[in-house]
Amino acid sequence: MFPYDTADWAVVDGPMFMLANTSWPGIFTAIAAVLCVWVLAAGFRSEHEQYAKFEK
Amino acid sequence: MEQQLADLTAQLAALQSSSGVTNTNFAEVYYYLTIPLMIIIHAGFLAYEMGASRAKNVLSSGVKNILAFAFIIPTFYFFGWWIYWGFPTGLTFSEGPMGISGAAYANAIAFGWGESAQYMGPNVTDQISGVFFGAFAMFAATTASIMSGAVIERIQTVGFIILAIVLGSFAWVVAAAWGWHADGWLVTQWGVHDFGAAGLVHAVAGFFALGVLMHLGPRIGKFNVDGSANHIAGHNMPLTVVGLMLIIVGFWGFLMACVVPPGEAWSWFADKQATIYGTPITLSALAFNILMGIAGGIIGSWIWTKDPFWMMSGALAGIISVASGLDIYFPALAFIIAMSAGIILKPAATWLESRGIDDAVGAVTVHGTIGLYGVIMLGVFGSGYPALAIENAPVITLYGQIIGAVVFFLLGFVPGWVFALILKKMGMLRVPAAAEEAGLDTVKVPAQGYPEGIVPSGPASS
């Protein structure tokens with residue numbers, strides 16, 4: 001969403017990214033951070049499943 | 001007092017002149033440097049598809065890729081550049097609202113003969129035409145390289161070059177004229193925004209390759225009688241992975257060339273960078289979002305594949321998935337979208353393979369499917385943004401982005417399918433089975449890829 005009231009680039013005088021000046025950028029950052037942690041946890045589990053196959 | 005004022009005025013004029021010279025030289029050097037950076041894309045594609053080839057085909061894959069690069073440049077000079085400037089308003093060839101398009105305009109600046117030849121060769125008063133042409137010629141060559149990897153190990157060289165010219169100097173150029181030009185009808189009428197060419201370069205090239213693959217058919221041994229697929233391993237996975245990384249290095253030049261520097265007569269702004277549409281952008285925006293796109297794509301593809309080939313393909317997919325809106329995405333959102341692209345990448349490629357399509361390097365999925373995904377994702381998140389920097393500009397909408405995606409798909413798929421069919425009918429598409437089994441290097445390349453004994457080569461290898 002365009003972060004200014006008027007859909008005109010002439011009014012843009014600062015942040016121009018989507019949903020600037022709302023709480024959404026922070027929410028996106030939090031989601032991205034959680035995803036990184038989740039992927040690492042899933043990767044750790046998967047990696048150790050592979051190790052276990054060779055230990056049997 | 002008057003003398004002092006006169007001196008100050010003279011100094012100011014000299015300063016302005018000097019500043020103008022510096023700016024002009026900067027703008028020229030800016031585009032000039034994008035050209036070798038984009039040639040790194042081709043070094044990457046060369047390594048990527050040679051590594052993905054079996055040892056018996058490694059050099060013929062290289063010959064094909066190198067020749068495509070060489071033929072795209074003159075054909076883009078002969079007519080591709082004219083198409084970009086002549087076609088934006090559609091098949092009427094009329095001038096668009098910005099006054100920088102149409103047949104008359106293209107005739108005046110983009111032909112290598114007559115009056116317009118002054119803009120198509122060395123000219124001491126023109127420091128932009130050559131470098132701008134050069135950047136676009138590299139975009140064109142990129143499309144050919146995208147298709148090149150998909151068709152390795154069974155396509156005829158000349159047939160492939162003809163297809164590369166149709167794609168690189170015609171099909172994608174029409175897409176660029178329509179959706180990547182301030183006068184393009186997709187932009188002025190539907191608000192289509194594709195800053196980094198996810199649709200008009202990647203999707204067009206990816207689906208052109210799909211059209212070709214449907215007539216070319218799979219490599220011998222790819223599919224079993226029951227329709228199940230065999231994995232045909234390339235002879236050098238590390239080379240392929242490094243090639244993919246080189247493509248990503250080159251992408252920085254590709255995306256840099258999508259930015260218009262300020263302060264020149266042809267610039268959109270006096271004081272800030274612009275996209276090709278004339279909307280504001282910063283290189284910092286690119287740095288944030290390209291890096292987050294690469295990271296998201298790698299992580300997303302690692303989840304299911306754990307395979308470096310797909311992880312680096314995921315990096316490409318990550319960039320492509322956010323390329324349309326690199327100018328306006330928030331970096332964390334770009335990361336999330338790119339990660340989703342990395343996740344869907346391998347399943348999408350597997351699905352395509354299950355339909356009997358032998359895409360040797362996943363080009364249709366990485367560039368085609370993910371390209372369209374990126375165009376549409378921008379419609380989901382970027383609706384409401386002005387598509388041009390003018391009053392009452394059309395705005396980006398999901399509907400408009402879907403229309404753009406459909407047009408880009410058709411501009412790729414239809415020419416690829418039609419021209420491949422024609423070449424097939426003429427016996428110019430596929431190599432004979434005996435040559436394919438013997439290995440194309442043995443058949444048509446008077447050189448060896450590796451010293452005897454290091455890597456098996458010739459008919460015995462598979």
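What is the handedness of the crossing of α12(B) and α13(B)? It's right-handed, meaning that the near helix is turned clockwise from the far one by less than a right angle. This is a predicted model, where local features need pLDDT of at least 70, side-chain atom pairs count only at pLDDT 80 or more, and totals for chains, interfaces and linings use all residues. Residues are numbered from 1 along each chain as its sequence is written, with chains lettered from A and ligands numbered from 1 in the order in which they are written.

**View 1. Helices α12(B) and α13(B) cross at roughly 165°.** Their axes (lines fitted to C-alpha atoms over the stretch in contact, with angles from 0 to 180 degrees between N-to-C directions) come within 7 Å. The two are therefore roughly antiparallel (over 145 degrees). Helices here are DSSP runs of H or I, at least four residues, and strands are E runs of at least two, numbered from the N terminus.

**View 2. Who touches whom between α12(B) and α13(B).** Contact means C-beta atoms, placed from the backbone, within 7 Å. On α12(B), look for residues including Leu372(B), Val375(B) and Ile376(B); on α13(B), Phe408(B) and Phe409(B) are among them. By class, ten are nonpolar, four polar and none charged. Nonpolar covers Ala, Val, Leu, Ile, Met, Phe, Trp, Tyr, Cys and Pro; charged covers Asp, Glu, Lys and Arg; the others, Gly among them, are polar.

**View 3. Chain A meets chain B.** Here 18 residues of chain A contact 21 residues of chain B. Chain A's side brings 16 nonpolar residues, one polar and one charged.

Definitions and conventions. Contact = placed C-beta atoms within 7 Å. Parallel < 35°, antiparallel > 145°, perpendicular 65-115°, else oblique.
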